[in-house]
Amino acid sequence: MSRSLRRGLALCALLVASVAPGEGVASASEETDAIFQRGVVALKEGRAGEAIGQFEALADHGVVDAAASFNRGLAYAMRVREHAEASGDLGQAACAFEEARELAPDDAIEREATRAVDAVRSEVARRRLRVGEPANVEKRGSLGRSVMLATSEDAWAAIAWSASVLFAISLFVRSMTNGRRLRVASTISSLISGLALIVCASLATGARMARNEARAGVIVTSSARLSDERGVALVNADPLPEGARIEVDLAHAPNAKPELVFVRWGDANGYIVEAAARLLARVE
Amino acid sequence: MTRVVAAFWLIFAVVGILPSRAIAADVPTMRVSVSNDTVGVGSMFRVTANVESSDEAPEAPSLGNIRGFELRGTSASPSQMTTIINGVRTDRRGLNVVWTLQAERVGTFRIGPPVVTVGGKRYAGQTISVTVVPAGKAPSSPAPPTVNRFDPFAGLFPHIDDDVFGSNEPQFQLNPQLALERPRGQVVFLHALADKTSAVVGEQVTVSVLLYADVTAGQIPIGDVHEAAATEFIKRPLIADDAATVIGNTRIGDRIYTVRLIRKWALFPLKTGELEVGAMSLSIGNRGGAPAVRESERLRVHVTEPPPLGRPAGYASGDVGRFDLSSKVAPRDVQQGGVLSVTIELSGVGNLPGAITPPARAGVEWLEPQIRDKVGIVEGDKFGGRRTFEYVVRMKAAGEIDLGAIVIPYWSPDLRRYGIARTDLGRVLVKPNAAADEAAANDKKAEIFTDLPPAKASLIGAKRAPRGLVNTPLYWFGLVAAPALYLLTMLALAIARAVRRRRAARAESPEQAFAQRIRDAETQAKSADARGIDGATLRALRAATVQAKDVESAVKEQVQRLIEECDSARFSPELIDPEQARVRWRQARKLIDAMKVKR
């Protein structure tokens, strides 16, 4: 093979190598755009089932987008409105709107998604009331957990940092000073800041663990009953209503039956069948 | 004469018949038979000896010469028969012995004679001749015995019954495909196998459980059957649980086993991951002991989702196989508010979806469907069939309404691509009806989700989930940096203080001062300065005096005297002699040593 021919082949290979991935990325993006647009058209023409199919296909393709989630919620809600709902449509709508709220890059979409998810939960509550069940779809967690989740993990971390610095300064001043007043003040300051350091660091760590090990999800079946790790239903535990936002603890009790996941709904917790909940998508 | 003739016949009967009865009672009868007189090399056959005796029970059977064959097993079953005719009781004892032999080489061989012992005497039967031909050249064996479908373990040991009824023994045809590396248990064991080890969610995995039983074993009771658990699969039986089929014989090690298919399931995985099919178990009777448990293998199937590339919109996980849809809508024109019937038939191979979602249209209300199934084996081992959904659809809005289409995307594992089953429901003409129109208007008032925001026209991206400070090393550094800095500062200060104190203490100690005086005096003694030497000696002595404890009074006096000498020499001009001064220093040194001053 001549040298010039070898060079030519090498150049061709380089061109193919440099062009092919770009084309792949472009075609993938075009495909997701096309699916999204087909979903939007179906939604506008009132073909809820088709729209659901398109937006679910987007999710299957791994597309995490606030607009796609929002439209998916609209499609499920539309199917309910058209009296053609399948079981779990309200939960799916609530899940999609919750997802859109979490993913929303701007406040306007977040507000719209919040309004939509409230509307869906109101419909769930109305239906529950009609069959004599409690209307609450949302539930508060325990006090400790509420405090931990009252602010973000970063806020707790920042407070812990500040407390750490104050604690060190107080101790230093206390060691260096001979004045009685300053000594008393620095002692009190060191005690308070030390306590704050321990509490805030624990809360930050707890919030981090909650974020790493638990994922937000929504119940997407008409109801889900809490059970123990063997799948035996818990006595006196309220069933989780459709559309309820839950925390799914993926790291909890690996010895549980494989089809079960540990969830928290307010102060109630236990296992439910994995298929009863849908996790909210997020961009890592 | 007549009397003479009668007496003759009587004598003849007594002399002729009685001895023969006596002989018949003494000598046992033995019938020897062979299942096949022509066998192939490696084939198994059986030699049966049936011994009957009216005296003692036959025992200790032995086949005798078996050159050219290998004995693979022996089973003996004793029997006893009592008959009473006209008040006369007759007892007969029997022994049925079956020897299982395997032909080793080509040729014609004589087997036997078999020998039994009756009442301490040994009796031999006849020898038999068997021709051994090369493997596969022997005449074909009869078909395997039929199985009673209501008895899953019937026919498990067919030769036992055959022996009892004296039927001809079939030669074993071996199927090497059923062979295993080694038996999984003694006499009887279970073996489970799946047709694939990886599948996608919803794809059929065919699992069979085979029962292997040693052909030479006696009849063994089997019970306490525990089915294999497959909680992560939808399980559909492909054969009835009470049906068991002999699928062949095989050799494992040095034994021949009859193999029966006792279970066959189509399993459809419900989720991804390493899914397990549990073990099937049963217990077999153990003569004189507790039942032994036999368990099949646990199988694992690696389950994934079908590829995302090319996945059609609306594909539901688990819809795997090959589906077809057809529909019937009647009537095609109705009054507004009236109903029509829509029948949708879903057929194909695979686990047919249990529900379909009708197309949502404004003014069309789909009521709950009636579902009818006709599913089972459709192609070979494939599970499938037909599922019919019968809907009643209420037409609330007037006009020509397109009912839309039913679409079920599926993944075909055979073709390795997605397919779409689709049926168009077509259009329906709905004639206006004032009453229904009013009802529809009322329905509209009660409509929900009327004020939802509009759909988004384009993708807008997503907010990234915060990574979190706590996950970063910076957080932990920031948390401990200030207290650590404080601790380090305090430590440094403490160390500095300690060093300072130590230095000061060492500088001021009497020991240090005394040692310094000694060193000064030694240095001074080397000089020619007599006053300097005396002065240094004096300081050393004084320091020694301060340091010394429990000094003898004589030494004290000598020290005092030397001090005075040094003192006077320092200030006396005539005594300025360096040599004298050195002598005083040496004396002082001796005294200091005598005082044993600690340095």
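**Entry 1: a helix pair in chain A**

I started with two helices of chain A and found that the crossing of H7(A) and H8(A) is left-handed. H7(A) covers residues 153–176 and H8(A) covers residues 180–213. I looked up their geometry too: the two pack at an angle of about 155°, and their axes are 7 Å apart. Angles over 145 degrees count as roughly antiparallel, and H7(A) and H8(A) are therefore roughly antiparallel to each other. Next I sorted the residues in this contact by class, and I noted 17 nonpolar, 8 polar and 5 charged residues where H7(A) meets H8(A).

**Entry 2: confidence in chain A**

A friendly reminder to myself: this is a predicted model, and I wanted to see the confidence values before going on. Chain A has a mean pLDDT of 83, with 89% of its residues at 70 or more. Which elements of chain A have the lowest and the highest mean pLDDT? I found the lowest, 63, in helix H1 of chain A (residues 3–44). The highest, 94, belongs to helix H4 of chain A (residues 89–103).

**Entry 3: where the chains meet**

I then turned to the contact between the chains. On one side I have 44 residues of chain B, and they are in contact with 62 residues of chain A. Which elements of chain B give two or more residues to the side that touches chain A? My list holds strand E25 (364–366) and helix H4 (473–508) of chain B. H4(B) gives the most to this side, with 9 residues. By class, I wrote down 27 nonpolar, 9 polar and 8 charged residues for the side of chain B that touches chain A.

**Entry 4: a sheet in chain B**

My last stop was an open sheet of 3 strands in chain B, with the order E2-E10-E7 and mixed pairing. Which strands are at the edges? They are E2 (38–40) and E7 (107–111) of chain B, and each pairs on one side only. Direction ignored, neighbouring strands of this sheet are turned by 30° against each other on average.

I followed one pairing further. E2(B) and E10(B), the latter spanning residues 128–133, run parallel and are joined by 3 bridges. For one residue I looked up the partner itself: B:Thr38 has its bridge partner in E10(B), and that partner is B:Thr131.

How values were computed. Residues are numbered from 1 along each chain as its sequence is written. Chains are lettered from A and ligands numbered from 1 in the order in which they are written. This is a predicted model: local features need pLDDT of at least 70, side-chain atom pairs count only at pLDDT 80 or more; totals for chains, interfaces and linings use all residues. Two residues are in contact if their C-beta atoms, placed from the backbone, lie within 7 Å. Helices (H or I, at least four residues) and strands (E, at least two) are DSSP runs, numbered from the N terminus. Ala, Val, Leu, Ile, Met, Phe, Trp, Tyr, Cys and Pro count as nonpolar, Asp, Glu, Lys and Arg as charged, and the others, Gly among them, as polar. Axes are lines fitted to C-alpha atoms, for helices over the stretch in contact, and angles run from 0 to 180 degrees between N-to-C directions. Angles under 35 degrees count as roughly parallel, over 145 as roughly antiparallel, 65 to 115 as roughly perpendicular and the rest as oblique. A crossing is left-handed if the near helix is turned anticlockwise from the far one by less than a right angle, and right-handed if clockwise. pLDDT is the predictor's confidence in each residue, from 0 to 100. Two strands pair if DSSP finds at least two bridges between them.
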